Amino acid sequence: MKRALLLAAVSVLTLASPAWAQQAGHSGAAPDPHAGHVTQPRANTPAPADSCTPEHAAMGHCTLQPMTAAPPTGDPHAGHEMPADRSVDPHAGHSAEPETLPTDPHAGHGQSSAQQPDPHAGHSMSEPQTQDPHAGHAMPGQSSDPHAGHAMPSMSQTQAPPVAPPPPEAFSGPEHAGTTIFDPELFLRKREEELIREHGGYVTWMVLADQLEYRAQEGRDGYKWDIQGWYGGDYDKLWLKSEGEGEFGHSPEQAEVQALYSRALDPWFNLQAGIRHDFRPNSDRTHLVVGIQGLAPYWFEVDGQLFLSNKGDVTARFEAEYDQRITNKLILQPLVEFDLAAQDIPELGIGSGLSSAEIGARLRYEFVPEFAPYVGVEYERSFGDTARFARAAGEDVGGWSFLVGLRSWF
């Protein structure tokens, strides 16, 4: 037991000696837990630079490594003189690193599958892509150009074909080659006749039934006709006119026929002259006729005639009508007619002055221009001595008539 206590005391003393020495150098420092522990010397192993503090270096425990200057982290332009003139590029004179271009992701990769070789590589493309398959082939069915050799107004002077004057031989012969074979006078007359015939010297004709109508009157229905036709050329014509009226079941009250020669005064009017013969009411009366017929301004058709009978009676007649188109086929035709006499003709019931007048309107529908039925109304009245003669004979001096008729020509 004493031996064990002795060993323990020795051990305590042994361990307490280094701690006491440490306590002597460091006032207030905590006792080293490793004090008294045997450690192997590290003579050749320098202490790490980051673990060597100035206090340990002062005690000779390690060597303080010189401080390495830290890289500047402040203003990159610190220490650079800035020019007073800010317009000057502050980076002038600084070498800028070239920008690194983005690396091509396909750099070094093979493109053999995406890029096909040009199939036309090495082929010459100087010839046109398409060629006319008919080039150099004759086209027998193709007609020649009708304007070949004709100068076109839109062509420039350089594009127009050259025009040469006629040869001198063209002016050396006679004016008409036919005179070298036929009689010159006969040839000239025949040539003029042929020219006139081909340019308006033709002959034509026409028949016009202007009025073929049924007249419904109070107590006595009747009829009326007005037909005329002509034959000839543009200047000279033969006109035939006929008109009359009457009651059904009786002889016509009036019937006359005119044969006239017509001469064109201008493109609108013709001068007419001829004879007129009355079949009713007095069949022995014939007249000389002079008149004018044509188209007045505003498209009024007029017809005026002067009559001189074989009895010395002078009478006159004037008619005017107008075609008012409602549609292309529906036409309204107003009409007015006056009869005048220079003297009384008691045997005919005609007084001097304005003997009678008619006014009416006819509405026709032209199925074709040559065939046009119509309906209309008309009022007729006697005046002056003519009315007095009518009253003396027990006749009406005036009245309305309802008309249904046909207008046709060929």
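Patches are made of residues with over 30% relative accessible area and no salt bridge; like charges are joined within 9 Å, and nonpolar side chains (Val, Leu, Ile, Met, Phe, Trp, Tyr) within 5 Å. A salt bridge is a side-chain nitrogen of Lys or Arg within 4 Å of a carboxyl oxygen of Asp or Glu. Accessible areas follow Shrake-Rupley with a 1.4 Å probe, and for residues only the protein chains shown count as cover.

The model is predicted: local features need pLDDT of at least 70, side-chain atom pairs count only at pLDDT 80 or more, and totals for chains, interfaces and linings use all residues. Residues are numbered from 1 along each chain as its sequence is written, and side-chain values use heavy atoms, leaving out hydrogens and water.

Start at the surface. A nonpolar patch there has about 910 Å² of accessible area together, and its members include Tyr-214, Phe-248, Trp-400 and Phe-402. Strands (DSSP runs of E, at least two residues) are numbered from the N terminus. β12 (371-382) and β13 (398-409) each supply at least two residues of the patch. β13 gives the most, with 3 residues. Phe-248 sits in the loop between β3 (236-247) and β4 (254-264). Phe-248 counts as partly exposed because its relative accessibility is 46%, on a scale where buried is under 20%, exposed over 50%, and partly exposed in between.

Now go inside. A cavity is a set of points on a 1 Å grid over the protein atoms alone where a 1.4 Å probe fits but cannot get out; lining residues have an atom within 4 Å of a point. The count comes to 2 cavities of 30 Å³ or more. β2 (222-232), β10 (330-341) and β11 (353-365) each supply at least two residues of its lining. That lining divides into 1 nonpolar, 1 polar and 8 charged residues; among them are Lys-224, Asp-226, Glu-337 and Arg-362. The second largest cavity has a volume of about 30 Å³.

Finish with the backbone. Most residues other than glycine have a negative phi, and most peptide bonds are trans. A cis bond joins Arg-280 and Pro-281, with omega about 0 degrees. Pro-281 lies in the loop between β5 (269-280) and β6 (286-296). Tyr-298 has a positive phi near 65 degrees, and Trp-299 a positive phi of about 65 degrees. Tyr-298 lies in the loop between β6 and β7 (300-309). Trp-299 is found in the loop between β6 and β7. Tyr-298 counts as exposed because its relative accessibility is 69%; Trp-299 counts as exposed at 58%.

Definitions and conventions: Helix = DSSP H or I, 4+ residues; strand = E, 2+ residues; numbered from the N terminus. Buried < 20%, exposed > 50% of the residue type's maximum accessible area, 1.4 Å probe, protein only. 1 Å grid on protein atoms, 1.4 Å probe; cavity = no way out; pocket = protein on both sides within 12 Å on 5 of 7 lines; lining within 4 Å. Points joined across faces, edges and corners; volume = space filled by probe spheres on them. Nonpolar A, V, L, I, M, F, W, Y, C, P; charged D, E, K, R; others polar.
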